[in-house]
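The structure is shown first.

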Amino acid sequence: MRSDDLRLPGDIALLRTGYALTAVIAATFGAIVWTLFDRSDNVVTSTVIALFGDPSRPWDLPGMHLLLVMPMGACVVVFVRSVLGWKTFGLFTPMLLALAYLQSGPIAGPVISTTAILIGMMAVPLLKSLNLSRVGFLGTLIAIVVSALGAMALEFRQPALVSAFPVVVTALIVERWWNAFEADGPKKAVRMTATTLAVALMIQGLVAAPPVVWLASERPLALPLASIVLMIVLGRYQGLRLSELSRFRAANHGA
Amino acid sequence: MTILGMNRRNALIARLNPREAIKGVNQKFETKERLAASGVPVPPTLALIASETEAATFDYARLPDAFAIKPNRGRRGEGVILVDGRVEGGWRKLNGEVLTERMLRAHVTRILAGELSLEGGNSDAALIEPLIRTHPDFARLVPFGLPDIRIICLGDVPLMAMTRLPTVESGGRANLHQGAVGAAIDFRDGAIFRAVLGQDEVFDHPSTNAALIGAVLPFWRETVDAARRCSGALGLGYVGVDLVIDATRGVQVLECNAYPGLEIQNVNAAGLGARIELVQRQQRAKARKTRGTRQAPDSLAGLRPFGSAGTVLRDVGREMAGRVAGALAIPAPLAA
Ligand SMILES: Nc1ncnc2c1ncn2[C@@H]1O[C@H](COP(=O)(O)OP(=O)(O)O)[C@@H](O)[C@H]1O
Ligand SMILES: [Mg+2]
């Protein structure tokens with residue numbers, strides 16, 4: 001890799017594209033949040049509904065489904081950690097987050113929990129300056145995230161959108177984020193947050209896919225049993241992780 | 001496979017490093033005692049303050065002019081204060097700041113409360129040692145700070161070595177992630193044969209411009225000897241030993257790591273996996289031979305120090321020789 005101080009034209013173009021992309025994503029995200037909580041008819045909300053459908057629609061999965069696909073989510077986490085080598089918060093946080101998504105809906109889930117994470121991230125420096133104990137800190141954080149989301153839900157008369165489980169999972173992520181931020185710096189913390197969210201999205205997409213839903217209703221035990229076998233196989237994998245191929249490039253060069 | 005990845009390293013550690021031994025190395029004082037009992041040179045202990053009552057009666061005025069204080073179960077250098085001389089009303093820290101006795105007492109209180117210790121601890125002890133000053137032959141390479149040496153050992157067989165040289169950018173810390181230079185060391189003579197800063201190969205120290213390639217570390221034989229004893233002393237089958245070279249006391253083991261990092265492979269441009277396999281093959285062959293005459297359980301072969309360490313070392317050395325020559329050949333055209 002090149003040193004950081006070398007800025008080539010290609011780098012600059014890449015950087016600009018990155019900024020533009022970030023701006024577009026942020027705008028879309030904001031519009032979806034707006035639509036979720038404000039159901040009145042205006043340009044923003046009708047555009048969002050035209051593009052994504054009703055963002056507050058639920059998944060509509062049977063209650064049993066959530067339980068049956070949990071091992072599958074765990075399986076994805078094992079794969080991501082020991083074969084891909086991606087770093088996520090906690091062990092099974094992405095799985096919990098994906099379950100939270102399943103409870104709130106395909107768009108509402110990720111958007112609301114990300115909003116909650118952002119609120120929590122802003123609250124953390126403030127809380128840290130109060131020198132609270134670890135439990136006191138976490139408790140207050142949960143309360144702040146709940147209040148902020150609750151206020152939004154009540155203000156726009158959408159109380160059904162905010163349920164307890166996603167919010168608690170979110171507060172846990174914010175706490176982990178802060179630990180990572182303090183230990184490894186902002187860059188790594190942001191990257192781990194993004195990876196955690198991405199893996200959660202992957203799990204959501206996988207476990208709510210029509211074939212999986214069909215299998216869960218027709219052969220309820222097939223999914224957990226297959227996951228067990230797969231996790232045992234993955235758990236014994238001792239080869240290099242995908243991320244290590246680039247990490248150990250220098251070592252490989254000489255060897 | 002020649003590179004050792006996280007997955008295989010973790011499996012190796014799960015097999016070779018018992019839980020108790022892993023917990024043991026998190027306690028610096030107890031680790032030093034164990035190492036000293038096996039003849040490993042470690043920094044002397046000036047005091048171990050283990051409770052508030054001890055702290056209240058401790059006579060700080062009797063501390064020497066230069067010392068280091070750290071949490072017994074610290075990590076990542078957190079809570080380490082280095083003191084280098086006396087000033088009016090206290091001491092002068094290595095970074096120039098003043099440390100009054102009140103500040104020192106407050107620091108001890110924080111350490112005792114476990115605030116600076118490994119996660120999950122709510123009490124700890126404060127360890128006070130004389131300040132280590134780097135041997136001049138070593139110190140001339142770096143601007144300031146304490147360079148250290150990391151040697152990875154499988155049992156009593158040293159597998160790979162590097163030295164971490166602080167830079168101005170790393171703030172004097174010997175941490176590769178914070179911008180220190182990592183330099184690979186040839187086991188045969190203690191000479192640096194490759195150096196990296198971040199992802200880039202370097203030939204001189206970025207802060208001092210001292211030529212690194214070919215620089216020979218002082219007391220290399222003693223350094224390797226000390227590292228080789230640590231595994232047996234601590235019950236760790238796979239261990240990363242951190243050593244420093246003190247100007248007056250010579251080689252000292254500062255810390256032993258039950259989960260040593262893998263970055264050393266990038267510094268050496270070589271994999272640990274191949275060397276581990278080589279050593280384990282030789283151990284198995286050796287165990288088979290002794291079984292012919294005497295009954296020797298195979299399962300222990302991975303842990304026990306064994307007589308043929310020298311042969312293995314020589315083999316590893318020979319395997320590396322070609323690469324070393326290659327690394328040395330690179331600066332030659334630059335010089336010409
Ligand atoms: N006695 C000492 N003299 C000088 N520096 C020291 C001494 N003890 C520790 N240090 C410095 O503090 C750093 C961290 O100390 P160490 O014992 O390795 O604890 P940790 O487990 O926190 O890494 C070392 O890398 C070294 O630079
Ligand atoms: Mg250390």
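In this predicted model, B:Asp148 is buried, with a relative accessible area of 10%. The residue lies in strand β7 of chain B, which covers residues 148-154. Leaving aside residues up to four places away in sequence, B:Asp148 touches B:Met162, B:Thr163, B:Arg164, B:Ala174, B:Asp242, B:Leu243 and B:Val244. Two of these names, B:Arg164 and B:Asp242, return in a network of salt bridges that links them with B:Asp148 and B:Arg150.

**Salt bridges**

Side chains of opposite charge can pair when their charged atoms come close. Over all chains, the count is 20 salt bridges.

| Pair | N to O distance |
|---|---|
| B:Lys23 and B:Glu20 | 3.9 Å |
| B:Lys32 and B:Glu129 | 2.7 Å |
| B:Arg110 and B:Glu115 | 3.2 Å |

The side chains of B:Lys32 and B:Glu129 meet in a salt bridge at 2.7 Å. This pair links distant parts of the chain, 97 residues apart: B:Lys32 is in helix α3 (residues 28-37) of chain B, and B:Glu129 is in strand β6 (residues 126-130) of chain B. Both B:Lys32 and B:Glu129 are buried.

The pair B:Lys23 and B:Glu20 sits within one helix, α2 (residues 19-24) of chain B. Because the two are three residues apart there, about one helical turn separates them. B:Lys23 is exposed, with a relative accessible area of 52%, and B:Glu20 is exposed as well, at 59%.

In the remaining pair of the table, B:Glu115 counts as exposed because its relative accessibility is 51%, and the cut-off for exposed is over 50%.

**A positive surface patch**

Which residues form the positive surface patch? They are B:Arg15, B:Arg281, B:Arg284, B:Arg288 and B:Arg291. Helix α9 of chain B, residues 272-293, gives the most to this patch, with four residues. B:Arg284 is found in that helix. At 40% relative accessibility, B:Arg284 counts as partly exposed. A patch takes residues with over 30% relative accessible area and no salt bridge, so B:Arg284, at 40%, is above the area cut-off.

Notes:
Residues are numbered from 1 along each chain as its sequence is written. Chains are lettered from A and ligands numbered from 1 in the order in which they are written. This is a predicted model: local features need pLDDT of at least 70, side-chain atom pairs count only at pLDDT 80 or more; totals for chains, interfaces and linings use all residues. Side-chain values use heavy atoms; hydrogens and water are left out. Patches are made of residues with over 30% relative accessible area and no salt bridge: like charges are joined within 9 Å, nonpolar side chains (Val, Leu, Ile, Met, Phe, Trp, Tyr) within 5 Å. Accessible areas come from the Shrake-Rupley method with a 1.4 Å probe; for residues, only the protein chains shown count as cover. A salt bridge is a side-chain nitrogen of Lys or Arg within 4 Å of a carboxyl oxygen of Asp or Glu. Lys and Arg count as positive and Asp and Glu as negative; His and the chain ends are not counted. The place of a charge is taken as NZ of Lys, CZ of Arg, CG of Asp or CD of Glu. Buried means under 20% relative accessible area, exposed over 50%, partly exposed in between (1.4 Å probe, protein chains only). Contact means heavy atoms within 4.5 Å.
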